[in-house]
Amino acid sequence: MSLPADYHMHTPLCRHATGEPVEYAEHAAAIGLDEIGFSDHSPMRRDNFDNWRMNFSQLDEYVEKVRKAQKNFPQLIIRLALEVDYLPGHEDWIRELAARHPWDYFIGSVHYVSDSWDIDNPAKLSEWKNRDAFEVWSAYFERLAMAAESKLFEIIGHADLPKKFGHRPNRDCTPLYERFLAAANKSGCAIELNTAGLRKDCREIYPSREILKLAFQKGVPITFGSDAHAPGEVGMNLAEAVQLARSVGYTECRRFAQRKYRSVKF
Ligand SMILES: [Zn+2]
Ligand SMILES: [Zn+2]
């Protein structure tokens, strides 16, 4: 079985990943991937917004690093992308970023449920103690639906990130998923199967089988990503993600070039 494109990987510019893009590409080629995409954490308008992304002044350097990997590995298709944080009010900034380089796709991710709380940040784990899990999941999925509706992104990242540390509401979240997936379907964006969840406390691919099943029923397309923060994580568990996608009915996924998609069998 050939592996799908790995569309989610980072670079040291985000300050919490190791290894240069050429090393990620080298690993991708070694394990037989034919296409990958770099999607490092995008800069914010304000550089000190947090400490886990590149500064705006490093954006050109990021593009150069990806171009270098493209040059060194001509046998590999290497896409240029960003994982962009969606926060309400940041839309104009995201459009400005989009205009700066010929991106192949944007992954829209929600990490922040407010301007100050990035729910997946281990340094802010204690914040979960002050919150009701269902309220956090509701706020998160509302923002995720807004991200899908914004039409700023080709792909929505790790759709059930709030499960990362194992915080799960004891209420039925189906209405939250339905609202988000209806928005994704309406705007035509894909969701990613992100294998990083397998390496976290939740020990599950993002999103869950339950969400993926609903996504298939609603005709929401998919992509795959390892969310690699080190060269050795490239392509990690993608075979498992393929199995999960197949088990709910998917036979096709999307690939992107210059923000246009084509569907391919996997
Ligand atoms: Zn990261
Ligand atoms: Zn992310």
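Colleague: What makes Arg203 count as exposed or buried?

Modeller: Exposed is over 50% relative accessible area, buried under 20%, partly exposed in between (1.4 Å probe, protein chains only). Arg203 has 58% relative accessibility, so Arg203 counts as exposed. Its phi is near 55 degrees, a positive value in a residue other than glycine.

Colleague: And why is Arg15 called partly exposed?

Modeller: Because Arg15 is at 44% relative accessibility. Arg15 also has a positive phi, about 75 degrees, though not a glycine. Most residues other than glycine have a negative phi.

Colleague: What is this model, by the way?

Modeller: It's predicted: local features need pLDDT of at least 70, side-chain atom pairs pLDDT 80 or more, while totals for chains, interfaces and linings use all residues. Residues are numbered from 1 along each chain as its sequence is written, chains are lettered from A and ligands numbered from 1 in the order written, and side-chain values use heavy atoms, leaving out hydrogens and water.

Colleague: Which residues coordinate the zinc ion (ligand 1), and at what distances?

Modeller: His16, His41 and His229, each through NE2, at 2.0 to 2.1 Å. Water isn't among the atoms, so sites may look incomplete.

Colleague: Are His41 and His229 buried or exposed?

Modeller: Both are buried.

Colleague: What makes Tyr206 to Pro207 stand out?

Modeller: That peptide bond is cis, with omega near -10 degrees. Most peptide bonds are trans.

Notes. Donors are N, O and S atoms within 2.8 Å of the metal (3.2 Å for Na, K and Ca); water is not among the atoms, so sites may look incomplete.
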